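Hi there,

Here is the structure I promised to pass along. Have a look at it first, and my notes on what turned up follow below.

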Amino acid sequence: MHADERELLEREIQGLSERGDVAGAVERALQGYGQEILRLMTAMLHDPDRGRDAFSVFSENLLRGLPGFRWESSFRTWAYRLARNACVQVMRSPAVRREQPVSMSAMPEEPFAVRSDTRPWQRTSVKERFRALRESLDPQERLLLSLRVDQRLSWEDVAKVMAEGEEPLPAAALKRRAAALRQQFQRVKEHLRTLAEQEGLVASGDSSPSV
């Protein structure tokens, strides 16, 4: 989704919400962001079924929480935070399954389709092996990579999504958290690079594939 399309979507969701059509705002949000949020949750949980369970929890929390959302960040950033919290909830209660209260039409059948390419590390078999290395990380590390690499959030937005507690961080604390996450991101990249070398996916000194 391009930036101008995302801006229009954000305005549509906010407009529906402010007119009191919370259900319509949630439906529009899932149409626009449902696929990327499901991919994020599945990546964090490393399990499509649990990802769908978490998506159901996320949808319920979105429906309940949207009337109180203060629009101090983008809707997308806030939704990612809800998604993270839903994943944590499912990890703590893995046996709980929920009915989906809103449309699931935005959910993709194949969240992680891989394209072929001519570069060795982008050929399907190698790409799948590299993805397996990425999925060997712990859930918070996978979330960090997804937010920064796949969803291209700014570091401050990444910090907002991954912050603990319900209250927003003060500006200074948010900057410190963003800096710490950036350092963690570099460590995760270096760790993946080492694993990729051990698996023979990249040679030492060669430019590595994107995380």
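**Salt bridges along the helices**

Asp-157 and Lys-160 sit 3 residues apart in helix H7, about one turn of the helix. One thing to keep in mind as you read on is that this is a predicted model. The two side chains form a salt bridge, with 3.8 Å between the closest N and O atoms. An α-helix has 3.6 residues a turn, so residues three or four places apart point the same way. Lys-160 is partly exposed, at a relative accessible area of 27%, while Asp-157 is among the buried residues of H7.

Helix H8 has a pair of this kind too: Arg-193 and Glu-197 both lie in it, 4 residues apart, again about one turn of the helix. Their closest N and O atoms are 2.8 Å apart in a salt bridge. Arg-193 has 18% relative accessibility and counts as buried, because the cut-off for buried is under 20%. Glu-197, at 31%, counts as partly exposed.

How many salt bridges does the structure hold? There are 6. Another of them joins Glu-72 and Arg-70, at 3.9 Å from N to O, and both of these residues are exposed.

**Helix H7 and its surroundings**

Back to H7 for a moment. Of its 8 residues, 6 are buried, so this helix is largely enclosed by the rest of the structure. The buried ones are Trp-155, Asp-157, Val-158, Ala-159, Val-161 and Met-162. And what do they pack against? Their partners are H4, H6 and H8.

**The nonpolar core**

The largest nonpolar core has 55 residues, and the ones with the most contacts inside it are Ile-37, Met-41, Phe-58, Leu-62, Phe-75 and Leu-147. Helices H1 (3–18), H2 (22–45), H3 (48–65), H4 (75–92), H5 (124–135), H6 (139–150), H7 (155–162) and H8 (171–198) each give two or more residues to this core. H2 provides the largest share, with 12 residues. Domain 1 (1–97) and domain 2 (124–206) each supply at least three residues to this core.

Apart from its neighbours within four places in sequence, Phe-58 contacts Leu-30, Ile-37, Met-41, Ala-79, Leu-82, Ala-83 and Ala-86.

**Aromatic rings**

A search of the whole structure gives 8 aromatic pairs. One of them is Tyr-33 with Phe-75: their ring centres are 6.2 Å apart and their planes lie at 20°, so this pair is stacked. Tyr-33 belongs to helix H2 and Phe-75 to helix H4, so the pair ties together parts that are 42 residues apart in sequence. Tyr-33 is buried, with a relative accessible area of 1%, and Phe-75 counts as buried at 1% relative accessibility. Both rings are part of one aromatic cluster, formed by Tyr-33, Phe-69, Trp-71, Phe-75 and Trp-78.

**What the record says**

Finally, an unreviewed UniProt entry carries the annotation "coiled-coil region" for residues 171–198. In the model, the chain over residues 171–198 is 100% helix and 0% strand, with its end C-alpha atoms 41 Å apart. Helix H8 spans 171–198 as well, and it holds the Arg-193 and Glu-197 pair described above.

Definitions and conventions:
Residues are numbered from 1 along each chain as its sequence is written. This is a predicted model: local features need pLDDT of at least 70, side-chain atom pairs count only at pLDDT 80 or more; totals for chains, interfaces and linings use all residues. Side-chain values use heavy atoms; hydrogens and water are left out. A nonpolar core is a set of buried Ala, Val, Leu, Ile, Met, Phe, Trp, Tyr and Cys residues joined through side-chain atoms within 4.5 Å. Buried means under 20% relative accessible area, exposed over 50%, partly exposed in between (1.4 Å probe, protein chains only). Domain bounds come from an automatic or database domain assignment. Contact means heavy atoms within 4.5 Å. A salt bridge is a side-chain nitrogen of Lys or Arg within 4 Å of a carboxyl oxygen of Asp or Glu. Rings of Phe, Tyr and Trp (its six-membered ring) pair if their centres lie within 6.5 Å; planes under 30 degrees apart count as stacked, over 60 as edge-to-face and the rest as tilted. UniProt positions are given in the numbering used here, feature names are shortened, and annotations may be inferred rather than shown by experiment.
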